[in-house]
Amino acid sequence: MDHTRAQEIVASPKEYEVSYNGVSIWIDKLHDDGKTATVHLRRSLEERSEVDIGELKEEYLVH
């Protein structure tokens, strides 16, 4: 995924299925470097990780 699309997903009122290494995640924050984001597993708010935006994959529109 590129930074522009990640921004669109974060700003959208719609919900998109996004994955990181095949696992469903939620994008919490895009970082100012334009290359990384903080994400968490959809089912767990506890653990957050910083990942490369290029490794995120948009799967489909949920609703």
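What is the relative accessible area of R5?

Modeller: R5 has a relative accessible area of 24% and is therefore partly exposed. With a 1.4 Å probe and protein chains only, a residue is buried under 20% relative accessible area, exposed over 50%, and partly exposed in between. Please note that the model is predicted: local features need pLDDT of at least 70, side-chain atom pairs count only at pLDDT 80 or more, and totals for chains, interfaces and linings use all residues. Residues are numbered from 1 along each chain as its sequence is written, and side-chain values use heavy atoms, with hydrogens and water left out.

The side chain of R5 forms a salt bridge with that of E58, at 2.8 Å from N to O. R5 belongs to helix α1 (residues 3–11) and E58 to strand β5 (residues 56–61), so this pair ties together parts that are 53 residues apart in sequence. Helices (H or I, at least four residues) and strands (E, at least two) are DSSP runs, numbered from the N terminus. A salt bridge is a side-chain nitrogen of Lys or Arg within 4 Å of a carboxyl oxygen of Asp or Glu. E58, with a relative accessible area of 31%, is partly exposed.

The structure holds five salt bridges. In one of them, R42 meets E15 at 2.8 Å, N to O. This pair also links distant parts of the chain, 27 residues apart: R42 is in the loop between β3 (36–41) and β4 (48–52), and E15 in the loop between α1 and β1. R42 is partly exposed at 24% relative accessible area, and E15 is partly exposed at 21%. R48 and D28 form another salt bridge, at 3.1 Å from N to O. Here strand β4 contributes R48 and strand β2 contributes D28, 20 residues apart. R48 is partly exposed at 46%, as is D28 at 28%. Salt bridges that share partners also join R5 to E8 and E58 in one network.

In soluble globular proteins, nonpolar side chains tend to be buried together. The largest nonpolar core here has 12 residues, among them A6, I9, V18, I27, A37 and V51. Such a core is a set of buried Ala, Val, Leu, Ile, Met, Phe, Trp, Tyr and Cys residues joined through side-chain atoms within 4.5 Å. Helix α1 and strands β1, β2 and β3 each supply at least two residues of this core, and β2 gives the largest share, three residues.

A37 is one of the core residues. Apart from neighbours within four places in sequence, A37 has contacts (heavy atoms within 4.5 Å) that include I27, L30, V51 and I53. T36 is found in strand β3 and, at 14% relative accessible area, is buried. Beyond neighbours within four places in sequence, T36 touches L30, H31, E50, V51, D52 and I53. The side chain of T36 also makes a polar contact of 3.0 Å with that of D33. A polar contact is a pair of N or O atoms within 3.5 Å; within protein, one must be able to donate a hydrogen and the other to accept it, and residues adjacent in sequence count only if both atoms are side-chain atoms.

Finally, N21 lies in the loop between β1 (16–20) and β2 (23–30). N21 counts as exposed at 60% relative accessibility. Its phi is near 55 degrees, a positive value in a residue other than glycine. Most residues other than glycine have a negative phi.
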